[in-house]
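Welcome, and thanks for taking a look at this one. Below is a short tour of a ligand site and some of the residues around it.

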Amino acid sequence: MMLNRNDLCWCGSSLKYKACHLEFDEKLISLKRKGHIVPTKKLIKTKKQIEGIRKSANINNGLLDLISENIKEGMTTQEIDDLAYNYTVSNGGKPATLNYDGFPKSICTSINSEVCHGIPSKDVVLKRGDIINVDATTILNGYYSDASRMFMIGEVSEEAQKLVKVAKKCLEKGLEAVKPWGFLGDVGAAIQEYAESKGYSVVRDFGGHGVGLDIHEEPFVYHFGKRGTDMILVPGMIFTIEPMINAGSYEVFIDEDGWTAITKDGSLSAQWEHTVLVTEDGVEIISR
Ligand code: MF3
Ligand code: CO
Ligand code: CO
């Protein structure tokens with residue numbers, strides 16, 4: 001789509017192109033000419049789309065708050081899933097993972113050596129000492145938001161507490177590396193450096209992802225890598241950062257249920273996930 005200077009801008013602002021995104025588009029074209037990877041238009045959200053994603057995130061955040069108030073020893077992961085389904089639907093949303101690619105539940109629950117994509121079950125009871133990741137993805141009016149948190153059930157070993165804390169700090173390090181017109185590779189590098197400095201490893205087989213109009217969009221967000229590489233981060237991009245940090249090796253296998261990723265060496269794993277928006281002057285957490 002080739003716009004003239006006096007046409008209305010593509011972003012829906014009702015401003016003329018020359019007074020709105022013309023300069024922005026020229027900057028992208030010039031970066032691309034220099035050989036950089038730049039996001040396609042679809043990855044740059046308009047004001048209206050950002051508002052829609054924020055509203056979706058309000059439900060997603062409210063759900064994770066509700067889970068954090070209710071999760072406890074003796075509860076099954078199916079009961080957490082019921083809570084998630086009921087809360088989401090009664091707020092007008094839809095759990096995005098339910099029937100996604102055949103995934104049967106409304107959230108993912110991954111305990112101890114489970115890395116991600118654990119399936120809630122009435123047969124899995126939370127025990128004292130467990131660490132669990134609950135990952136929620138909400139659709140509202142076609143807009144998607146995605147976040148996950150760790151919960152510690154009762155008294156938890158020092159080792160597990162430390163892993164949970166370091167995994168959270170890894171997400172924060174990634175977040176700090178998000179700079180408008182910076183490199184996506186800086187995010188992975190910051191996470192990997194911190195995790196490895198603590199003697200932990202970063203899972204390679206899964207990453208963060210663009211999100212907003214679909215559950216998984218481009219770009220793939222590596223949680224390891226090199227500074228100054230990968231896509232240029234541009235205001236209006238929305239993606240997740242969700243490093244999975246293992247106490248032992250980063251290798252994982254998929255359980256016979258076809259979904260649950262588990263550490264090969266049986267070591268503990270922890271993960272925190274935010275949906276973030278790149279802004280003109282930094283980054284904003286949309287879903288936490
Ligand atoms: N919320 C997950 C993510 O962070 C999506 C899981 S897809 C599922 O990307 F099918 F495994 F649920
Ligand atoms: Co998620
Ligand atoms: Co995600």
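A polar contact here is a pair of N or O atoms within 3.5 Å; within protein, one must be able to donate a hydrogen and the other to accept it, and residues adjacent in sequence count only if both atoms are side-chain atoms. By that rule, the side chains of Ser287 and Asn60 are joined by a polar contact of 3.1 Å.

This is a predicted model, where local features need pLDDT of at least 70, side-chain atom pairs count only at pLDDT 80 or more, and totals for chains, interfaces and linings use all residues. Residues are numbered from 1 along each chain as its sequence is written, chains are lettered from A and ligands numbered from 1 in the order in which they are written, and side-chain values use heavy atoms, with hydrogens and water left out.

Let's start at the ligand. Around ligand 1 there are 13 residues (one heavy atom within 4 Å is enough to qualify), and the closest are Asp135, Thr137, Asp146, His216 and Glu242. By class, this shell has 4 nonpolar, 5 polar and 4 charged residues (Ala, Val, Leu, Ile, Met, Phe, Trp, Tyr, Cys and Pro count as nonpolar, Asp, Glu, Lys and Arg as charged, and the others, Gly among them, as polar).

| Side chain | Ligand 1 atom | Distance |
|---|---|---|
| Thr137 | nitrogen | 2.9 Å |
| Asp146 | oxygen | 3.0 Å |
| Glu273 | oxygen | 3.1 Å |

Taken alone, ligand 1 exposes 340 Å², and the protein buries 98% of that (Shrake-Rupley method, 1.4 Å probe).

An unreviewed UniProt entry places the feature "binding site" at Asp146, His209, Glu242 and Glu273 (such annotations may be inferred rather than shown by experiment). These positions are spread over 128 residues of sequence, yet they cluster in space, with a largest C-alpha distance of 10.8 Å.

Asp146 counts as buried because its relative accessibility is 3% (buried means under 20%, with a 1.4 Å probe and protein chains only). Its side chain also makes a polar contact of 3.2 Å with that of Thr137.

Glu242 lies in the loop between β9 (238–241) and β10 (244–246). At 6% relative accessibility, Glu242 is buried, and a 2.8 Å polar contact links its side chain to that of Thr240.

Back to Ser287: this residue belongs to strand β15, residues 283–287, and is buried at 0% relative accessibility. Beyond its neighbours within four places in sequence, Ser287 is in contact (heavy atoms within 4.5 Å) with residues including Asp146 and Glu273.

How values were computed. Helices (H or I, at least four residues) and strands (E, at least two) are DSSP runs, numbered from the N terminus. Buried means under 20% relative accessible area, exposed over 50%, partly exposed in between (1.4 Å probe, protein chains only).
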